[in-house]
Amino acid sequence: MQINLSGHHVEVTDSMREYVNSKFAKLERHFDHINNVHVVLNVEKLQQIAEATLHLNGGEIHASSDDKDMYAAIDSLVDKLDRQVIKHKEKLKKH
C-alpha cells in the first residue's frame, strides 16, 4: 500500500508522517486490496482537517474528519475509513 501524504496550510512533520503510516497499517490488516491512499492534512482557522481517499480493487472510499487537534482528526479519519472498508469487504463477500 502506497501512502501519498500532503499538507495544505500545514507543514507535514516526520512525526505526523509516521503517525499516519502506523494508523493506515491498521486498515491494511482488515483489507489487503488497498492499492494506494491519498491523505491531505489541512488547517483552516482553528480546525485541523484530515481527508483521505483509498483506491481499492473495485472502487474508491473517501472520508474526512476535523478536530482541534490534528492527531485526533487522523484517529477519527482512520476509524471512519475502517468502518467503510469493512462494509466494502462485506459487499464483496456477498457477490
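A residue counts as exposed when its relative accessible area is over 50%, and as buried when that area is under 20%. The model used in these exercises is predicted.

**Exercise 1. Backbone and exposure at H9**

Task: Locate H9, describe its phi, and decide whether H9 is buried or exposed.

Solution: 
- Step 1. H9 sits in the loop between β1 (2-8) and α1 (14-30).
- Step 2. Its phi is positive, about 65 degrees, although H9 is not a glycine.
- Step 3. The relative accessible area of H9 is 63%. The cut-off for exposed is over 50%. H9 is therefore exposed.

**Exercise 2. The turn between β2 and β3**

Task: State how β2 and β3 pair, then characterise K45.

Solution: 
- Step 1. Strand β2 (residues 34-44) pairs with β3 in the antiparallel sense, over ten bridges.
- Step 2. The two strands form a hairpin with two residues between them. K45 lies in this loop between β2 and β3.
- Step 3. Phi of K45 is near 50 degrees, a positive value in a residue other than glycine.
- Step 4. K45 has 83% relative accessibility, so K45 counts as exposed.

**Exercise 3. Burial in β3**

Task: How many residues of β3 are buried, and is I49 buried or exposed?

Solution: 
- Step 1. Strand β3 (residues 47-56) is mostly covered, with seven of its ten residues buried.
- Step 2. I49 belongs to strand β3.
- Step 3. The relative accessibility of I49 is 14%. Buried means under 20%, so I49 is buried.
- Step 4. I49 and A73 are 24 residues apart along the chain, yet their C-alpha atoms are separated by 6.3 Å.

**Exercise 4. A charged patch**

Task: Which residues form the positive surface patch, and where is K87 found?

Solution: 
- Step 1. R83, K87, K91 and K94 form the patch.
- Step 2. K87 is in helix α2 (residues 70-94).
- Step 3. K87 has a relative accessible area of 59%, so K87 is exposed.

Methods:
Residues are numbered from 1 along each chain as its sequence is written. This is a predicted model: local features need pLDDT of at least 70, side-chain atom pairs count only at pLDDT 80 or more; totals for chains, interfaces and linings use all residues. Side-chain values use heavy atoms; hydrogens and water are left out. Patches are made of residues with over 30% relative accessible area and no salt bridge: like charges are joined within 9 Å, nonpolar side chains (Val, Leu, Ile, Met, Phe, Trp, Tyr) within 5 Å. Accessible areas come from the Shrake-Rupley method with a 1.4 Å probe; for residues, only the protein chains shown count as cover. A salt bridge is a side-chain nitrogen of Lys or Arg within 4 Å of a carboxyl oxygen of Asp or Glu. Lys and Arg count as positive and Asp and Glu as negative; His and the chain ends are not counted. The place of a charge is taken as NZ of Lys, CZ of Arg, CG of Asp or CD of Glu. Helices (H or I, at least four residues) and strands (E, at least two) are DSSP runs, numbered from the N terminus. Buried means under 20% relative accessible area, exposed over 50%, partly exposed in between (1.4 Å probe, protein chains only). Two strands pair if DSSP finds at least two bridges between them.
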